[in-house]
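Hi everyone, thanks for coming.

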Amino acid sequence: GPCTECSCSSGKEPDKDPSHTKKKENGDRLCVPKIFFGTRTHKQITQISRELKRTAYSCVPMTILSSRDYTCIHPVVSNSSNRNEMCVELLEGKHGRSCSYYHGVHKLCEHHALQPAPRAWDIEDLVSLGRKLRACPYFAARELMVGADIVFCPYNYLLDPQIRDSMDINLKDQVVILDEAHNIEDCARESVSYGVTESQLRAAREELELMVSNSIRQKHHEPLQAVCCSLL
């Protein structure tokens, strides 16, 4: 039968309630869950959003969470190798500068092309509109998550607790769909793994040896020194 919970079935405006709740007839509040759709790569999100455009649900409020590598449009930060750090420094105003693109986020979120969306969009659409409005697509996508019915993102945004926390993702009582879920094991391993080179290990060992020889927090540094030595 026809969908009764979301706005697409009746052609009405999407629910603007940020808490994402609807009232039952008896006055109680019914929580309408979001759908978190996880994929292995950002490219697959583009393919899925293209398919969403072809369905009856193409007008449902949505957003796509992605890294600054794909959505940062700041001319300096986007060309840097440490985008995350530079972005945070600009937002905190450490060097007396701030990000003008961040202050234009509301213009992008409220643009008619996204709110309410006449059709599903992808990352390229968001970035293109962000460049036109001089507004940050990265933070706009996060703001749109509040009223979205469907949230697309890579696997690690759902699996990695640190990323979930930084992106304000709460999966309690929500619907989670994992595309090509046989890839989850590899993604889970990557989320708790860290790569280090031999030269980095040698440099760490030398610094730890200096700490120990100068009696600086020896009980903490000696075990770390032993780990570096054993790995080398």
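Predicted model: local features only at pLDDT ≥ 70, side-chain atom pairs only at ≥ 80, totals over all residues.

How many strands form it, and in what order? There are four strands in an open sheet, ordered 4-5-3-6, with parallel pairing. At the edges you'll find strand 4, residues 62-64, and strand 6, residues 175-178, and each of these pairs on one side only. On average, neighbouring strands in this sheet are turned by 20° against each other, if we ignore direction.

Now let's follow the pairings across. Strand 4 and strand 5 are parallel partners joined over three bridges. If you want a spot to look for, find Thr63, which stands opposite Val151 in strand 5. Moving on, strand 5 and strand 3 also pair in the parallel sense, over five bridges. Here Phe36 has Val151 in strand 5 as its bridge partner. Then strand 3, residues 35-39, is joined to strand 6 by four bridges, and these two run parallel as well. Ile35, for instance, has Val175 in strand 6 as its bridge partner.

Phe152 brings us to the aromatic rings. Searching the whole structure turns up three aromatic pairs. In one of them, Phe37 and Phe152 sit 5.6 Å apart, centre to centre, with 50° between their planes, and the pair is tilted. Phe37 belongs to strand 3 and Phe152 to strand 5, so this pair ties together parts that are 115 residues apart in sequence. Both Phe37 and Phe152 are buried.

What about Tyr138 and Phe139? Their ring centres are 4.9 Å apart and their planes are at 85°, so this pair is edge-to-face. Tyr138 is buried, with a relative accessible area of 8%, and Phe139 is buried too, at 12%. Ring pairs also bring in Tyr102, linking Tyr102, Tyr138 and Phe139 into a cluster.

Now for the two single residues. Arg142 lies in helix 6, which covers residues 137-144. Is Arg142 buried or exposed? With a relative accessible area of 19%, Arg142 counts as buried, because the cut-off is under 20%. Leaving aside residues up to four places away in sequence, Arg142 touches Leu65, Ser166, Met167 and Asp168.

Finally, please find His74, in the loop between helix 2 (68-71) and helix 3 (83-92). His74 is buried, with a relative accessible area of 15%. What does its side chain reach? The side chain of His74 reaches the backbone nitrogen of Val77 at 3.3 Å. Again leaving aside residues up to four places away in sequence, His74 touches Leu90, Cys99 and Tyr101.

That's my tour, and I'm happy to take questions.

Note on methods. Residues numbered from 1 in each chain as written. Heavy atoms only, no water. Pairing = 2+ DSSP bridges. Axes fitted to C-alpha atoms, helices over the stretch in contact; angles between N-to-C directions. Buried < 20%, exposed > 50% of the residue type's maximum accessible area, 1.4 Å probe, protein only. Contact = heavy atoms within 4.5 Å. Phe/Tyr/Trp six-rings, centres within 6.5 Å; stacked < 30°, edge-to-face > 60°. Polar contact = N/O pair within 3.5 Å; in protein donor to acceptor, adjacent residues only side chain to side chain.
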